[in-house]
Structure formats: structure tokens, C-alpha cells
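Subject: Handover of a structure and findings

Dear colleague,

Please find the structure below. The findings follow it, grouped by region.

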Amino acid sequence: MHQLATAGGGEKPLLSLSDINMTFGGVKALKNVSFDVRPGEVHCLAGENGCGKSTLIKIITGVYRPADGASIEFDGETYSHMSPVTAQDRGIQVIWQDLALFPEMSVAENIAFQTVLGRWPKLVDYGRMRKIAEDALARLGVTLDVDLPLKEYAIAQRQIVAIARALVGEARLVFMDEPTASLTQSETDHLLDIVRGLSAAGVAVVFVSHRLAEVLEISSRITVLRDGALVGVYPAAGMTQSRITELMTGKTFDQQVRAKPRDGQPVVLDVKGLSRPGQFEDVSLTVHRGETLGITGLLGAGRTELALTLFGMLKPASGTIALEGKPVRFSSNRDAIAAGVAYLSEDRLSLGLIQPQSIADNLVISSLDKILAGGLLSEDRKGSLVGRWIADLGVKIGLQQDAISTLSGGNQQRVAIAKWLATDPKLLILDAPTVGVDVGARAGIFDIVARLAESGLAIILISDEVPEVYFNADRVLHMAQGRIVGNYDPRSASLAEIEGAVYA
Amino acid sequence: MRSFVRTHATEVSLLAVIVAISAVLSVSTANFFSLGNAFDLLNISSVNIIFAVGLLVVLIAGGIDISFAVAASVVQYGTAIALGWIGGGGWISGLLIAGSLGVLLGATNAFLIHRFKVISIVATISTFNIYFGLLMFFTKGVSIYDLPDWLTDRVILFEHEMPDGTWIEITLPVLVMVICVIATWVLITRTTTGRQLYAFGDNPEGARRFGINIGAMQFIAFGWLGLMAGIGGLIQAHYAQEVVPNALYGRELDVLAAVVLGGARLGGGKGSVLGCVLGVLLISITQNGLNLMGVSPFAFKMIIGAIILVAITLSNTRIERLLPFVSQKGTGR
């Protein structure tokens, strides 16, 4: 169902691709895809992980060569394939999701890196480098000390450095792959302003993001891919998040508030006046059996520090924590795990799972004592424990012995949850459980969360995406600058009301 | 000045430690605080500094090399034999032969690492054993004392008697060392190739996406270390006036420790020539001071090991917190 957008009308495209096919080891990654970008427009490329977005970007930037018959037309010239050099020369730039920056090198060198490229050695012109960097930053309306090593700057500024670098080579078309994945709302707003500025200056931007709200906010047209094929091209005006999700996944999701009253249930966690100066102050909260408590707020509001304190990895300066009525003082997270607290880290890739190890080993790592036989680890017990959880949480795997890195983000997150469920927790803290997880897989994870709550587990759900906690928690706490500043019931409060308070 | 202190925290703290140790030694020993002793230190440290700046380049490019010290021994033998063939030679031909042999041995490491994707520590532990094994096998452990006169005669470029009766001398090894240090500094900070080496060590995947030639990076880094190892080997033979097959065995770890002490990071992307030279000097000064204080040489390694541990712990974590103005960050998190 190729539906061509009419917004903007008959402007001649800057980039126009047709008949793009790409095969990796027998798997068709792209099937007859066509794609076009108009000069100065902000165009969103949407689709689930593995739908072919990155492959398409890599073909346009010359990293991959498409199958014969492809046509790539850029600004009046037609190519059967691109090369990285041609792409750069023609002003096609990419800001990769991992930024591809050099943290130990100065901001100036990172931005003006192209001046040190070249096959034969030349002397480095630091003065020119600094000037190029300052000019590029000035175009973005940002001031940074260009002589400092990049590592001195936080992720938001690094993102800006990556954009500045893309602008150095007279960019005409810039690809941004998940540029807001690790930014807070205000940083995202600033980035979106920069994107608008680029667009106004005539630079076309292709924007790839999981966050559909910002996609709708920033782009004029949206191209949706699913399973390597083009679903369609749509004007952003009149689109809704749920419609894009449907197009991306081919399924319909209706989000409904899941909140129910849980006050009658016994209290599992009771926190009174908990403080860690500089991180959070005077936090009091209760979580009942079967209740999901949502905590939202901007990055740096103290959410993660609070969670780590409940998990025994940080020590509170004052205040009390009681689990099932008994006051507890954890000297380490081992105590917390033994007492029935589980914490799913916000950084699944580096902290939550041991990527090269097998699915089975990752799953049992926190509950090794349960698979002992005669004091030694039992492979049989391990296999049955792993098999039970894999089946219970519907994780799609090949073999238990496969490395965890072979799984998709959503399935990895299920294993991470299973790992903690295997410790028989009373309280499960989920810190940003959907970072890097596709829209389709997100719904699956929240279904699991709802089921776990029904079975009596107390859950704290932390997320900086307000809709996540709004639709999936029984109560929502808003944290700002280390304090709890709002307490909402999703059944009576509206999403807009909470978003207004959080993103203000 | 502040920004220099901030971006060169390791170098500044090393300098501070060197000043502190020197102050203690000048009070506690009679001979330490003399220009004569200072120039002695420079003469003694020259070979290690040459090795160190070579190794620095490999560390910056994200590699490590265990084999360069025994490679230098192989170069010493190879050069001695080649000089015999050409009938004696001189400094120019000697440095050319030693340098070329060194580059060849370094390039062998780069070839193994790049072509067969062997990680550098494994590749160079293997070549360390191969080079040393071949050397011992062919020489049967026999030293060479019959070296050309030009190689064994001390070359004093400058000497001057101080009023206190000590002599200050600048010898050929110091000159060669200074040239190697400056050349390395130019390579890694002033040439585009050097910046590509930093970038490659810092983020190999990022460097690859920019089209940097990864193979060339390995060959340049290990070739440069090979060149320095070759030159250092010849200078060591000149200094010792003999070629002993196991004379440099074990030197690789001393030099590695000094380079890491100087702020280079195992893993790449970080390190400076200044820090590297200061790292070697700190170890030499400590060793010299312990000697003058009459401490048993058998205790040296232990004490130096402890100093490296303390210095690295401090420079990695605490220095920034000890000096409040250093840790002030204008921007960022």
C-alpha cells in the first residue's frame, strides 16, 4: 500500500532512491524500497529494530552497496551505489547513534576531525581546527571550551559536538540515528530547536527515533518501514502516535490506564523521610502487595539514586526503610537481594546483563544458591530453572547456551527480568525498563509487569517517559530535584496534566 | 595555566612528586643535589626514555608490546654481525642498520596483529619468546665484546667542571634520546598521522567509519616502536660497551610501568611524551636516591613497585580531588 504524501507538493527531491534491495547471508534486509527527501525538510524514518532503517542509512552513506538495479539520485546526479567518500563530498553526513566520537581528544579535534584525515602525513593546524570548531558551534548557538577533552562534557554536549562535526563539511543532508536516546526532555527540546534551525537553513534532516512524540513534533513527513519493506510515506500532520505504531508493527495497540486501587493490600515497602544530601531529600512512599508504583521525573531528579538506596547499593543519610513492616538496614545489595528486593538496572547493556555469556548463565547469576546440588552447581537444576522462566516470560530464544547478545532488546530485557524473578523477590524495581526496546516489545514487557503485579509482587516502575508510568502504574509519583513533588492517580489525573508538571 | 593543570593533571602531579622526592633526597644525601648527578641521571635514563617514547606510540594506538626489549637485543646482534660484514661502519650506518632491523621486527608484530587478528598482548608475548629463543639458540648465550671502536668509545658532546668539583657531561646517548623524544612529540602531536593514531586508540570503530586505514595505523605504531627499540638497542650496546643476549630481558616491564606511570592508558587514546619522560625519570631518580641512601639494591624493585602503585592510584582518582581548582568543571555534568 504505497501511499504517497501530498504535503509540500511537487518540490524536486534532494535525494531519491528507488529499487533498493539488500541481502545479508540469504536474508532480505531491504525489499524494493524507495525513499526520498526534499531539500530542507525534516523527514522521519520510522520502524522497529531490524526493519532495515540502519541498512538504508548505510546504503545512502556508502557503507553498504545495494543489489544491482538500485538507483540513488542525489541533487541531480544518479548513482548505482554510493561510496563513503562520495557521500561526504556531496554533503551527506550521519550522526551515528553511538556518535563515533573520540572522548580523549579535544572538542576542536572532534569537530574538525576531517582536517587530520588523509593518507599522507601533514602538519596539524590547530589554529584552523579551533576556528572551524568555533564556527560550527556558533552556527548551533552553543559555546563550549573547544580545548577541553570531550570526556569532560556530558552526553548532551557530546551530541551537539557530533552535530557540529556533521555541519563542518557543508552538509546538505544529515542523518540522525536516535539522537535523543540518552537526552533529558530539556536537552531534547534544545536538540529539536537545533534541527529546526538546520532545516530553516536549507539542510535536510532525516530523523530516526523511538520516541514518537518528538517524531510527530519535528518532522514534516514520515517514511515507515516494516520487515525491510516500505509501508508508506505519510505527512506528519494528522498522524498520531498510535497510528505510527500500528504502521510500524502491523498490529493495533490500545493503551488503557491499568491502574487499580491496591490500598487494601498489605504494605510491602514503607519508606519514611529518606535522604541522601545532594541526591534526594525527605522521600516517603509506600508500595502495597500487587501494586505498581510509577516514579517519573527528569534525568538527574534523583530517581536512580533513590532506587539504588532501596537496593542497598547506596546508604541513606537519614530516614527509614521497612520491608513488610520490619525496618531494614542494608549494608550491601547482597543484603537487599536476600531480603527480597530486586533491581533491574537502567543500563541493561553494560550493567544488567553479561553480554558474551549465555542466556542460561545470565538468568541464574543472582540465584546460584537455588541451583546447588550437594554444594556444587547443578547443570540439571540450572536447565530446569532457566527453562521454566523462559517459558513463563515468553522469551524467544534458540538455545539456552546462546550468548545473550544474540537476543533482541526486548528479549534481553525479559531475561533480565527473569534473572531477578528467579531470586523470589517481594519488591521489584524496574529502572527505565524500555530503553532500547521496540514499541511492539514494550507492550509485551508491560504485560509481564502487569501479570507479576497480579501475582502479588510489589513493583516500582521508574521512567522518564510519563506515558509509560501513566498507563502502567497504579499510582504515579513525580520527582524533581530530589524531592517528591506530585502524587497522581492515573484514573483521575490526565496524562497531559502529569506531562505538564514533569516537562515544565 | 589552570587549563594546562587541568588537561595535564598527570604530568603536573608527576612533576610535583619528582620535586618532592628530590627535595627529600637533597636533604638526606650529600651527593644527590648536584648538577653532576642530574646529568648522570640523564645519561643513565637515555635508553629507557628512547624505549618509552616508542612504547608510548603503541599504547596510544590501543596496543601493547612485550617484545620490544628482546627485539632490541636481536637488533644488537644483527647490527654487530652486519657491521662486521661491511667492515666496521660508523654511527650513520650503525643507526640505519639498527633502525631498519627494529622496524622489521616491529612490522612483524603489526603483521600478526592486523593480518591474523591476534590481540597485541598475545602476539607480542609470542614474538617475545620467539625473538628471545632464536637469540639464545643462535648465540648459545655468548656475549660479543669485540665491537667496533667507534661504537664503544664514549662520545662526550659537552663537558664542564663545576666549582664543586663534579663534572657535567652530555654524552651521545642524551643527544640521540633528545632527538627521539622530539621526533615522537612531533609525530603524535603535530602530524595528522599522529592524531589518527590517537583517534584509532580512542575509538577504533569511530576511526574506521572515518575511513582511517587501520592496518597502516598498526604498522606505523609498531614500526615506530621498532625503530626506537633498534636505536635504543644500539645506544645501549654503546653505553654498556658489550652485547649480552639477556641484557635487556625484563626491561620491557620496567619501561611499560614507567610509561603507564606517565599517564598512558592501556587501552589507547591517552598519553603524552612529557608524561612518559617524567615517568622514566621518576623511577630513575628514586632508584638513584635509594642507591645514594645506601638502601640494598635487592629492595629496589619492591619500593619502585610500591611507588608505581601509589602514583597510578593517585593520578587516576585522587589528584583531581586533592586540588580543588583542578576539579572545578565549568561545564559538563
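Two residues are taken to be in contact if their C-beta atoms, placed from the backbone, lie within 7 Å. This is a predicted model, in which local features need pLDDT of at least 70 and side-chain atom pairs count only at pLDDT 80 or more, while totals for chains, interfaces and linings use all residues. Residues are numbered from 1 along each chain as its sequence is written, and chains are lettered from A and ligands numbered from 1 in the order in which they are written.

Confidence and overall layout

The term pLDDT denotes the predictor's confidence in each residue, from 0 to 100. Chain A has a mean pLDDT of 86, with 96% of its residues at 70 or more. Over residues 1-9 of chain A, pLDDT stays under 50, and the model has 17 contacts beyond four places in sequence for this stretch.

Chain A is divided into domain 1 (15-249), domain 2 (265-340 + 427-434 + 458-504) and domain 3 (348-424); such bounds come from an automatic or database domain assignment. Between domain 1 of chain A and domain 2 of chain A, the C-alpha centres lie 36 Å apart.

Where the two chains meet, 25 residues of chain A are in contact with 24 residues of chain B. The chain A side comprises 17 nonpolar, two polar and six charged residues. In this division Ala, Val, Leu, Ile, Met, Phe, Trp, Tyr, Cys and Pro count as nonpolar, Asp, Glu, Lys and Arg as charged, and the others, Gly among them, as polar.

The six-stranded sheet of chain A

Helices (H or I, at least four residues) and strands (E, at least two) are DSSP runs, numbered from the N terminus. Two strands pair if DSSP finds at least two bridges between them. In chain A, six strands form an open sheet in the order β16-β19-β20-β13-β21-β22, with mixed pairing. At its edges stand β16 (341-344) and β22 (483-488) of chain A, each with a single partner strand, so one side of each has no neighbour in the sheet. Neighbouring strands of this sheet are turned by 20° against each other on average, direction ignored.

β16(A) and strand β19 (residues 427-431) of chain A run parallel and are joined by four bridges; A:L344 stands opposite A:L430 in β19(A). Helix α15 (residues 439-454) of chain A lies across β13 (292-296), β19 and β20 (458-462) of chain A, and runs at about 150° to β20(A). For such angles, axes are lines fitted to C-alpha atoms, for helices over the stretch in contact, and values run from 0 to 180 degrees between N-to-C directions.

A:H478 is located in strand β21 (residues 475-480) of chain A. Is A:H478 buried or exposed? A residue is buried if 20 or more other C-beta atoms lie within 10 Å of its own, exposed if 12 or fewer, and partly exposed in between, with C-beta atoms placed from the backbone. A:H478 is buried, because 21 other C-beta atoms lie within 10 Å. Residues up to four places away in sequence not being counted, A:H478 touches A:T296, A:G297, A:V485, A:G486, A:I498, A:A501 and A:V502.

The four-stranded sheet of chain A

A second open sheet to consider has four strands in the order β12-β11-β14-β15 (chain A), with antiparallel pairing. Here β12 and β15 (326-328) of chain A stand at the edges with a single partner strand each, so one side of each is left without a neighbour in the sheet. The twist averages 20° from one strand to the next.

Strand β11 (residues 267-276) and strand β12 (residues 280-288) of chain A run antiparallel and are joined by six bridges, and A:D270 stands opposite A:T286 in β12(A). Their hairpin has three residues between the strands, and in it A:G278 takes a positive phi near 85°. Strand β14 (residues 318-323) of chain A pairs with β15(A) in the antiparallel sense over three bridges, with A:I321 opposite A:V328 in β15(A).

Strand β8 of chain A

Five of the five residues of strand β8 (residues 204-208) of chain A are buried, so β8(A) is largely enclosed by the rest of the structure. A:A204, A:V206 and A:V208 point one way from β8(A), whereas A:V205 and A:F207 point the other way. Strand β3 (residues 42-46) of chain A runs parallel to β8(A) and is joined to it by three bridges, A:H43 having A:V206 as its bridge partner. Strand β7 (residues 173-177) of chain A also pairs with β8(A) in the parallel sense, over five bridges.

Yours sincerely
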